[in-house]
Amino acid sequence: TNRFRSSESDTRQAIFEAMAMVAFPVGATMMPWDSLMPAMDSQPVQPGLIAMQAIPLGNRSDLPHLLGGAVSAGKEDDTSGASASDDYEDQDEQPASGSDPRSSRRKPESRRLNLGKIPMAPGRLTNPGMAWFNKQTCEQLQQQLSEGSDISSALEALIGHVWDLSRHPVGCRLVQSAIERSSQKQAANLASELQGHVQEAMTSPHANYVLQKIVTHLTWQSCGFVAEELLDSASHFARHRFGCRIFCRLIEFHAEQKPTLMLVEEVLQEAEDLCCHPFGHHVAQSVLEHGIDQHRDVVAETIDRNPLGYARNQNASYLVERVLSSGSKYQESLLSELSSSLVDLALSRYGCYVARAVVDHPKTNRPLELSKLTAIRHELNKTKHGQYLLADLGLGQKYGSKKHVH
């Protein structure tokens, strides 16, 4: 940041130098700064609106024109890039659950998809074969699929373009609708176009939904390639923001298939880190809910080694609650140790959720546990999570609620 000096000209030069370090390969020749000044002086510099386009090494003479055009394009529509890379509010339910404060922050309602102008990231290259895809065509195909009037012709229009559509914010919805409303054979043909692209689709904010639809709606014979392409890379993708969703779907719908078992065994080699990871813990939770007994025991044993530490962790605390309610062979030892540390858990921001689960557990002496919390009611009332805990257990009012005046 110390390179951005006070004068406007120096600021523009520093911005260009920073972008050039990313846009040009190491060792490539760069154009003199003086040749770029006329193009940049014609447009005011606005942070976040300059977009560099990919330029062939032998065609750098167009750089001033492209740079100036990128600035003006940014002025016209400064939301296009952001809209193209975000998830949608009404997409499939995510692994995190409910309104639990431990859940990840949701996307604001104000950021919605503008179908009037399909958003594209600045500098994004358009596939020439996708020139037919526009709002009118999309609506027409969606109507054909929803009404079931002419599904065959709609599917024929998608053949050969499934991978490109899957990466598009609108196209991915069209592909999902096609998979839902077509026959198993037709859907398998569409899904086959993603073979060889699974790992890339796992990290796409749009294509990951198509993968989920393939796993949940097709037979194992048609969707098994998804798991097979993730072998030897499971640990990485199980911790990815989007990739963890596909792991959860595979465990939910195909837990006993050999490739899925191999994936779970691979990720559980680092079970301690997985349980505490902000995205990986969703995979561990799916193992506890839908996995085979052997894999469930691995997660439960990991939690049992340090129950108090995991109970205080924002992500692992979900898993502690799940193990307490799962009937695992580690349940009693886990319950005993957590009960002896109930006061410490109740005072913890995330441990308080586990404390509530301990008090409500059928094998717990509830009056005894409540007496422990009543003794520290003054301390619990000092924090928001403490007040919520007392209210949930019937020992106080929720945070911010008004007291009745008699």
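Helices in this description are DSSP runs of H or I that span at least four residues, numbered from the N terminus; on that basis, Ser328 is placed in the loop between α20 and α21.

The chain has 26 helices and 0 strands. Of its 406 residues, 46% are buried, and the accessible surface amounts to about 21100 Å², with carbon and sulfur atoms contributing 49% of that area. Among contacts between residues at least 6 apart in sequence, 67% link residues that are at least 24 apart. The average pLDDT of the chain is 76, and 65% of the residues reach a score of at least 70. Over residues 22-98 the pLDDT remains under 50, although the model gives this stretch 114 contacts beyond four places in sequence. Residues 401-406 also have a pLDDT below 50, and in the model this stretch has 3 contacts beyond near neighbours in sequence. Where pLDDT is low, the predicted coordinates should not be read in detail.

The largest nonpolar core comprises 88 residues, and those with the most contacts inside it are Leu211, Ile214, Leu230, Phe247 and Leu338. Helix α23 gives the most to this core, with 6 residues. The surroundings of Leu230 can be listed individually: apart from residues up to four places away in sequence, Leu230 touches Val198, Gln199, Met202, Phe237, Ile246, Phe247, Leu250 and Leu263. One of these partners, Phe247, is itself among the core residues with the most contacts.

Helix α12, which spans residues 220-228, has 7 of its 9 residues buried and is therefore largely enclosed by the rest of the structure. The buried positions of α12 are Trp220, Ser222, Cys223, Gly224, Phe225, Val226 and Ala227. These buried residues pack against α9 (184-191), α10 (198-202), α11 (207-217), α14 (243-254) and α15 (258-267).

Helix α20 (residues 316-324) is likewise mostly covered, with 7 of its 9 residues buried. In α20 the buried residues are Ala316, Ser317, Tyr318, Leu319, Val320, Val323 and Leu324, and the elements they pack against are α16 (271-276), α17 (280-290), α18 (293-305), α19 (307-311), α21 (331-340) and α23 (351-360). In the loop that joins α20 to α21, Ser328 counts as buried because its relative accessibility is 16%, where the cut-off for burial is under 20%.

An α-helix has 3.6 residues a turn, so residues three or four places apart point the same way.

Within helix α24 lies Leu373, which counts as buried because its relative accessible area is 0%. With neighbours within four places in sequence left aside, Leu373 is in contact with Leu342, Ala346, Val359, Leu380, Leu393 and Leu395. Leu373 and Leu390, which are 17 residues apart in sequence, have their C-alpha atoms 8.1 Å apart in space.

The structure holds 0 disulfides. For Cys244, which is in no disulfide, the nearest cysteine sulfur is that of Cys248, at 5.6 Å, whereas the pairing cut-off is within 2.5 Å. Cys244 is buried, at 2% relative accessibility. Cys275 is also in no disulfide, and the nearest cysteine sulfur, that of Cys276, lies 6.5 Å away. Cys275, too, is buried, with a relative accessible area of 1%.

How values were computed. Residues are numbered from 1 along each chain as its sequence is written. This is a predicted model: local features need pLDDT of at least 70, side-chain atom pairs count only at pLDDT 80 or more; totals for chains, interfaces and linings use all residues. Side-chain values use heavy atoms; hydrogens and water are left out. pLDDT is the predictor's confidence in each residue, from 0 to 100. Contact means heavy atoms within 4.5 Å. Buried means under 20% relative accessible area, exposed over 50%, partly exposed in between (1.4 Å probe, protein chains only). Helices (H or I, at least four residues) and strands (E, at least two) are DSSP runs, numbered from the N terminus. Accessible areas come from the Shrake-Rupley method with a 1.4 Å probe; for residues, only the protein chains shown count as cover. A nonpolar core is a set of buried Ala, Val, Leu, Ile, Met, Phe, Trp, Tyr and Cys residues joined through side-chain atoms within 4.5 Å.
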